[in-house]
Amino acid sequence: MKLRFTKMQGAGNDFVVLDATRAPLELSPAQFRFIADRRFGIGADQILIVGPSPAEGIDFRYRIVNADGSEVEQCGNGARCFARFVKEAGLTDKQRIRVQTLSGVIEPELRSDGRVTVDMGPPVLDLARVPFHPDGLSAPRQVGSAELWSLPVADRLIEAAVLSMGNPHAVLPITQFGVEDVDQAPVAQFGPLIEHHPAFPRRVNVGFLQIVSRGTVRLRVFERGTGETLACGTGACGAVVAGIRLGWLDERVDVETRGGQLTIEWRGPGHSVFLTGPAVTVFEGEIDIPAQGA
C-alpha cells in the first residue's frame, strides 16, 4: 500500500503526518512501527493522523501514535505541527483552530512570527485522573502547593511531582541525583524504570528538570512508548506547572530542550496552559507500507 506523508518537526521532536480527512485510514500497530522506524521506514517519534471534524464547532480531530505503535492522548509539539500542516495543505484558512484529541479539545493558533501557540487546557492535578495510584507509597512531601511523591526505584527513592497534561507526567528535580546540569541526569537509567512504575497504570512520561532561574529551565524527557526525545511539548508544560506549584518558577517560563526552546505560560489553578514554539515542514513523500508492517 502506497501512502503519502509529510515529515515535520517541532523543536526536534519529529513526526510523520498522514492526511485522513478525505478517506479513513486504518493501520495496524506493526505498520505504525514500520513508518516510525528510522532505518526501514521514514523515522519519527510519533505519527499524527489528521481526521475530519467530528462535531459542530470542531475543525478537525487527530490521533497520535507512538513509535512503538501505541496510541496516546496528547502531544504539544505534535499539536503545533498539526496546525502548520492543515494550513499549509489548504485544509483550513483559519489562524486559530479547534481540534479534538483523545484527551479533549485543544486550540492551536498560528502566529505571525512563524511559531504556533497551543491552548493546552488546564493541567489535571487530581491523581486518579492522571492516572496515578499511590497505594503503598509513603505520604508525599509538601513543597509550596505541590506534593513530591517518593517512588521506590532501583533500591532508592526518587521524588516526583505528578500531574497530567492530557497524558501523565512525572517531573523529577535533577538535584536529587547529585547533579546540577541536566546533561548529567541519569535519563537512560531511570527513565524506563519510572515509565513502567506500577503506580502509573498507563505508564508515564518522565521529565528531568533543571531550574536555571525563575523564568528559565532546562528539561530532558523520557517519553512513554518512544524513549528520550529532543523535546516534549506536554512534558515542558508539565514541568513548568510543577515548578510553579513548587514555588520555584514565575508564570512565564522559557524551556530549553535539546531540540530548541519552548515557552510555557500558566496563571495558576483553573487556567489553561499555553505552549508556544516552532513547527516546521521537513519534506513530503510517498512510502510503500508492507501489508503486515515491518
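This is a predicted model: local features need pLDDT of at least 70, side-chain atom pairs count only at pLDDT 80 or more; totals for chains, interfaces and linings use all residues.

Trainee: Okay. How many salt bridges does the structure hold?

Mentor: There are 22 salt bridges in it. One of them joins the side chains of Lys-94 and Asp-59, with N to O at 2.6 Å.

Trainee: Where do Lys-94 and Asp-59 lie?

Mentor: Lys-94 is in the loop between helix H2 (76-88) and strand E6 (99-101), and Asp-59 is in the loop between strand E3 (46-51) and strand E4 (60-66), so the pair ties together parts that are 35 residues apart in sequence.

Trainee: What about Arg-115, which residue does its side chain meet in a salt bridge?

Mentor: That's Asp-113, at 3.0 Å from N to O. Arg-115 is partly exposed, at 27% relative accessible area. Asp-113 is partly exposed too, with 45% relative accessibility.

Trainee: Which residue forms a salt bridge with Arg-218?

Mentor: Asp-183 does, and the closest N and O atoms are 3.1 Å apart. This pair links distant parts of the chain, with Arg-218 in strand E14 (residues 216-223) and Asp-183 in the loop between strand E12 (168-173) and helix H3 (187-195). Both also belong to a network of salt bridges that links Asp-181, Asp-183, Arg-218, Arg-220, Glu-228 and Arg-258.

Trainee: Switching topic: where is Ser-70 found?

Mentor: Look in the loop between E4 and strand E5 (71-72). Ser-70 has a relative accessible area of 19%, and the cut-off for buried is under 20%, so Ser-70 is buried.

Trainee: What does the side chain of Ser-70 make a polar contact with?

Mentor: With the side chain of Asp-68, at 2.6 Å. If you leave aside neighbours within four places in sequence, Ser-70 is in contact with Ile-64, Val-65 and Arg-203.

Trainee: Last one, the helix. How many residues of H1 are buried?

Mentor: Six of the eight, so helix H1 (residues 29-36) is mostly covered. The buried ones are Ala-30, Gln-31, Phe-32, Phe-34, Ile-35 and Ala-36.

Trainee: And what do those buried residues pack against?

Mentor: Strands: the buried residues of H1 pack against strand E1 (2-10), strand E2 (13-19), E3, E4 and strand E19 (280-288).

Methods:
Residues are numbered from 1 along each chain as its sequence is written. Side-chain values use heavy atoms; hydrogens and water are left out. A salt bridge is a side-chain nitrogen of Lys or Arg within 4 Å of a carboxyl oxygen of Asp or Glu. Helices (H or I, at least four residues) and strands (E, at least two) are DSSP runs, numbered from the N terminus. Buried means under 20% relative accessible area, exposed over 50%, partly exposed in between (1.4 Å probe, protein chains only). A polar contact is a pair of N or O atoms within 3.5 Å; within protein, one must be able to donate a hydrogen and the other to accept it, and residues adjacent in sequence count only if both atoms are side-chain atoms. Contact means heavy atoms within 4.5 Å.
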